[in-house]
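Morning, everyone. Please have a look at the screen, and then I'll walk you through it.

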Amino acid sequence: MRILGIDTSCDETAAAVVEGRRILSNELFSQIPIHAQWGGVVPNLAKRAHEEKIDSVINSALEKSKTPINTIDTIAVTYGPGLSIALGVGIKKSKEIAKKYNKKLIAVNHMEGHIYSCFAQNKSGKSDINFEFPYLVLLVSGGHTELVLFKDHTYYEILGKTVDDAAGEAIDKGTRLILDNKVYPGGPILEAMSEKGDPKFIDFPRPMARSTDFNFSFSGLKTSLFYALKQMGDRERINNQNNLAASYQMAVIDSLCIKMRQAMKKTGVKNICVAGGVAVNKLLRDKMRILVERNGGRILFPLKGLYGDNAAMIAVAGYFKAQKGLFVESIDSLDRVPRASLDKLEKF
Ligand code: KG4
Ligand code: ZN
């Protein structure tokens with residue numbers, strides 16, 4: 001089954017073609033340079049860029065996979081969560097194609113896509129993982145931090161989520177505070193600085209470490225960083241940027257690992273997945289690996305290139321939904337759901 005995937009949920013215009021869970025093409029136009037100067041995603045600019053690029057990104061995904069558009073079996077598109085006006089661009093385009101070529105549509109939750117990014121295969125079929133349900137999935141991106149029990153295909157239970165900022169957001173904001181400028185995204189910069197710094201320089205709090213639920217909170221940590229910086233003189237702050245970065249990064253990553261450890265203990269689930277843009281972070285990966293090895297489970301990360309937003313993960317999730325016959329029943333009723341949750345998958 002050949003599926004065209006489309007995602008325009010945030011700041012990447014993405015299209016991909018998969019055959020089952022094998023990725024044949026995965027195309028992306030990144031808007032990061034457009035938003036970088038503003039220190040974050042500007043919705044109007046995102047919408048315009050999606051509209052300008054969507055046709056060429058889709059055409060290139062079809063061409064690179066050598067798939068004439070009339071030969072695709074179905075189209076999987078992200079309906080949410082995400083930026084409302086950005087989501088609308090991908091949905092509108094998928095409806096146009098579905099109507100023009102008489103194709104079925106599959107509505108995919110963006111976070112569902114991030115989960116399935118751990119189960120995608122490259123072109124030559126590498127990473128042929130057998131599903132061993134259940135999995136504990138940590139989804140960590142710029143907009144979301146969720147701990148999910150992945151019970152079976154398309155069955156998810158959210159065990160916990162952030163009560164304020166997402167982990168990626170905390171990382172982005174913290175990096176801006178440390179550097180005192182508007183860099184975006186902060187993650188890769190914070191990670192590079194941290195490698196040269198001392199994580200013990202400041203012992204930042206590990207928010208929610210003692211709570212018995214699986215929720216996360218990062219806004220207090222950001223405030224601690226703010227006050228730590230305020231107490232330092234300009235020179236001291238500049239001289240210690242790497243130390244500040246390493247200490248802050250350690251606190252964010254530790255908070256994620258503490259909750260995963262608690263969840264593994266409480267649920268008895270040994271196999272875990274870590275996905276989303278923040279999952280590319282080496283410290284996070286190493287610490288999670290240690291957690292899993294101790295318990296004799298298996299850890300899965302996305303294939304290279306599938307950590308951040310992409311459409312291959314949407315198409316792969318779409319494939320498993322297609323296996324269950326979960327197609328959109330009425331194309332006209334398909335609509336964006338900016339606050340969509342994995343607990344309650346929408347039906348159209
Ligand atoms: O999944 P993603 O690409 O987009 C969203 O859906 O949000 O995640 C983006 C987030 C940003 O907050 C970015 O700073 C963070 O992932 N990130 C990282 C790293 N690379 C990107 N965080 C920590 N370490 C990294 N190396
Ligand atoms: Zn995402």
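I'll go from the domain to a sheet, then to one helix, and end at some annotated sites.

First, a caution. This is a predicted model.

UniProt, in an unreviewed entry, places a feature called "domain: Gcp-like" at residues 23-315. That span is 47% helix and 16% strand. Its end C-alpha atoms lie 9 Å apart.

Five strands make an open sheet, in the order 8-7-6-9-10. The pairing is mixed. Which strands stand at the edges? Strand 8, residues 155-161, and strand 10, residues 299-300. Each has a single partner strand, so one side of each has no neighbour in the sheet.

Take strand 8 and its partner. Strand 7, residues 145-152, runs antiparallel to strand 8, and six bridges join the two. One pair to find: D152 has Y155 in strand 8 as its bridge partner.

Next, what lies across the sheet? Helix 9 lies across strands 6, 7, 8 and 9. Helix 9 runs at about 160° to strand 6. Helix 10 lies across strand 6, strand 9 and strand 10. Its angle to strand 9 is about 175°.

Both helices come back when we turn to helix 6. Helix 6 covers residues 187-195, and its buried residues are L190, E191, M193 and S194. Seen down the helix axis, these fall within an arc of 165°, so they line one face of helix 6. On the other side, P188 and E195 are exposed. What do the buried residues pack against? Helix 5, helix 9 and helix 10.

Last stop: the annotated sites. The unreviewed UniProt entry places the feature "binding site" at several residues, including G142, D172, G187 and E191.

Look at G142. It sits in the loop between strand 6 and strand 7. Is G142 buried or partly exposed? Its relative accessibility is 44%, so G142 counts as partly exposed. Beyond its neighbours within four places in sequence, G142 is in contact with A166, G168 and E169.

Now D172. This one lies in helix 5. D172 has a relative accessible area of 13%, and buried means under 20%, so D172 is buried. Not counting residues up to four places away in sequence, D172 touches Y184, P185, G186 and G187. G187 carries the "binding site" feature in the UniProt entry too.

How values were computed
Residues are numbered from 1 along each chain as its sequence is written. Chains are lettered from A and ligands numbered from 1 in the order in which they are written. This is a predicted model: local features need pLDDT of at least 70, side-chain atom pairs count only at pLDDT 80 or more; totals for chains, interfaces and linings use all residues. Side-chain values use heavy atoms; hydrogens and water are left out. UniProt positions are given in the numbering used here, feature names are shortened, and annotations may be inferred rather than shown by experiment. Helices (H or I, at least four residues) and strands (E, at least two) are DSSP runs, numbered from the N terminus. Buried means under 20% relative accessible area, exposed over 50%, partly exposed in between (1.4 Å probe, protein chains only). The arc is that of the directions from the helix axis to the C-beta atoms. Contact means heavy atoms within 4.5 Å. Two strands pair if DSSP finds at least two bridges between them. Axes are lines fitted to C-alpha atoms, for helices over the stretch in contact, and angles run from 0 to 180 degrees between N-to-C directions.
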